[in-house]
Amino acid sequence: RGSIALLKMAKAYSFMKGKDFVSPQEVKDVLGETLAHRVTLSPQSRAKSYSAGEALMVMLREIPLPRS
């Protein structure tokens with residue numbers, strides 16, 4: 001269900017930007033807001049006041065976008 005929600009959000013985001021296709025950047029842009037509620041943080045991360053969305057963004061910074 002999470003991946004379906006991510007796909008729908010990326011499509012809607014792309015449409016709002018006036019595009020008729022979804023690029024990897026749009027998926028990356030909506031991933032944190034779409035999937036943050038599905039992430040369980042470790043006690044150490046919670047002690048540092050990290051949010052699930054912040055943790056996802058840190059991980060995404062490490063993953064390069066595919067080249068076309």
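Ala52 counts as buried because its relative accessibility is 13%, and the cut-off for that class is under 20%. In this predicted model, Ala52 belongs to helix α4, which covers residues 52-61. Leaving out residues up to four places away in sequence, Ala52 touches Ala36, Val39 and Leu41. Take Leu41 as an example: Leu41 and Ala52 are eleven residues apart along the chain, and their C-alpha atoms are separated by 6.6 Å.

Ala36 sits in the loop between α2 and α3, and it is buried because its relative accessibility is 19%, where buried means under 20%. Beyond its neighbours within four places in sequence, Ala36 is in contact with Leu31, Ala52, Gly53 and Leu56. Between Ala36 and Met57, 21 residues apart in sequence, the C-alpha to C-alpha distance is 9.7 Å.

Which residues make up the largest nonpolar core? There are nine in all: Leu6, Ala10, Val30, Leu31, Leu35, Ala36, Ala52, Leu56 and Leu60. Helices α1, α2 and α4 are the elements that give two or more residues to this core. As a general point, nonpolar side chains in soluble globular proteins tend to be buried together. Leu6, one of the core residues, touches Val27, Val30, Leu31, Thr34 and Leu35 when residues up to four places away in sequence are not counted.

With twelve residues (24-35) at 1.5 Å a residue, α2 should span 16 Å, and the distance of 16 Å between its end C-alpha atoms agrees with that. The expected figure is 1.5 Å times one less than the number of residues. The buried residues of α2 are Glu26, Val30, Leu31, Gly32, Thr34 and Leu35, and they pack against α1 (residues 2-16) and α4. In general, an α-helix has 3.6 residues a turn, so residues three or four places apart point the same way.

His37 is found in the loop between α2 and α3, while Ser49 has its place in the loop between α3 (43-47) and α4. Arg46, in turn, is found in helix α3. The table puts the accessibilities side by side.

| Residue | Relative accessibility | Class |
|---|---|---|
| Ala52 | 13% | buried |
| Ala36 | 19% | buried |
| Arg46 | 49% | partly exposed |
| Ser49 | 61% | exposed |
| His37 | 63% | exposed |

The classes follow from two cut-offs, because buried means under 20% relative accessible area, exposed means over 50%, and partly exposed lies in between. Arg46, at 49%, is therefore partly exposed.

What is the phi of Ser49? Ser49 has a positive phi of about 65°, although it is not a glycine. For background, most residues other than glycine have a negative phi.

His37 and Glu62 lie 25 residues apart in sequence and 21 Å apart in space, C-alpha to C-alpha. The C-alpha atoms of Arg46 and Gly18, 28 residues apart along the chain, are separated by 38 Å.

Finally, the whole protein. Taken along the principal axes, its C-alpha atoms fill a box of roughly 40 × 25 × 20 Å. Of its 68 residues, 28% count as buried. Among contacts between residues at least 6 apart in sequence, 43% join residues at least 24 apart.

How values were computed:
Residues are numbered from 1 along each chain as its sequence is written. This is a predicted model: local features need pLDDT of at least 70, side-chain atom pairs count only at pLDDT 80 or more; totals for chains, interfaces and linings use all residues. Side-chain values use heavy atoms; hydrogens and water are left out. Helices (H or I, at least four residues) and strands (E, at least two) are DSSP runs, numbered from the N terminus. Buried means under 20% relative accessible area, exposed over 50%, partly exposed in between (1.4 Å probe, protein chains only). Contact means heavy atoms within 4.5 Å. A nonpolar core is a set of buried Ala, Val, Leu, Ile, Met, Phe, Trp, Tyr and Cys residues joined through side-chain atoms within 4.5 Å.
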